[in-house]
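Biologist: I've got a structure up on my screen and a handful of questions about it. Let's talk it through, one bit at a time.

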Amino acid sequence: MSQITTHILDTTLGRPAQGVTIALSGLLENDTWQELARGQTNKDGRIPDLLPKDQPLPLGTYKMKFFTQDYFEQQGTTVFYPFVEIVFNVLAAEHYHIPLLLNPFGYSTYRGS
């Protein structure tokens, strides 16, 4: 498993959100973002291998961008949030799980385990 993992639960349907593209970026010193990895959620709504498991991230600020528009459009659902960005700090060389609870008109997140 990579140091950063995620999953998405579509709370309207009560099931995992499959096929959502996610990009992981790191914040550079000049306040710009550099994309580090990109993946797509599997049938369980997860990306367990966004980074190689032997590649720890340096301490710093990171962002996961969830491209939700295509997911909702494929369901014929109106899109209010075309993407969701979650910014977080990597404070130690440990595992970080960043889940997203999603519906067409809202979302929430937390640090998972």
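Biologist: With 11% relative accessibility, does Lys63 count as buried or exposed?
Modeller: Heads-up: this is a predicted model, where local features need pLDDT of at least 70 and side-chain atom pairs count only at pLDDT 80 or more, while totals for chains, interfaces and linings use all residues. Residues are numbered from 1 along each chain as its sequence is written, and side-chain values use heavy atoms, leaving out hydrogens and water. Buried means under 20% relative accessible area and exposed means over 50%, with partly exposed in between (1.4 Å probe, protein chains only). Lys63 has 11%, so Lys63 counts as buried.

Biologist: Which side chain meets Lys63 in a salt bridge?
Modeller: Side chains of opposite charge can pair when their charged atoms come close. A salt bridge needs a side-chain nitrogen of Lys or Arg within 4 Å of a carboxyl oxygen of Asp or Glu. For Lys63, the N to O distance is 3.3 Å, and the partner is Glu85.

Biologist: How many residues apart in sequence are the parts that this pair ties together?
Modeller: Strands (E, at least two residues) and helices (H or I, at least four) are DSSP runs, numbered from the N terminus. Glu85 lies in strand 7 and Lys63 in strand 6, so the pair links parts whose separation in sequence is 22 residues.

Biologist: How many salt bridges are there by this rule?
Modeller: Another one joins Arg38 and Glu35 at 2.9 Å, N to O. Glu94 and Arg111 also make one, at 3.2 Å. The count comes to three.

Biologist: Asp10 has a charge too, so which side chain of opposite charge is nearest to it?
Modeller: Lys and Arg count as positive, Asp and Glu as negative, and His and the chain ends are not counted. Asp10 is buried yet has no salt bridge. The nearest side chain of opposite charge is 6.1 Å away, and that's Arg15.

Biologist: Then which backbone nitrogen does the Asp10 side chain reach?
Modeller: We're after a polar contact: N or O atoms within 3.5 Å, where, within protein, one must be able to donate a hydrogen and the other to accept it, and residues adjacent in sequence count only if both atoms are side-chain atoms. The Asp10 side chain gets there at 3.0 Å, and the nitrogen belongs to Thr12.

Biologist: What kind of aromatic pair do Tyr71 and Phe72 form?
Modeller: Rings of Phe, Tyr and Trp (its six-membered ring) pair if their centres lie within 6.5 Å; planes under 30 degrees apart are stacked, over 60 edge-to-face, and the rest tilted. The whole structure has five aromatic pairs. In this one the centres are 5.2 Å apart with 65° between the planes, making it edge-to-face.

Biologist: And what about the pair of Phe80 and Phe105?
Modeller: Their ring centres are 6.4 Å apart and their planes meet at 45°, so this pair is tilted.
Both residues are exposed, but for the kind of pair, the word you want is tilted.
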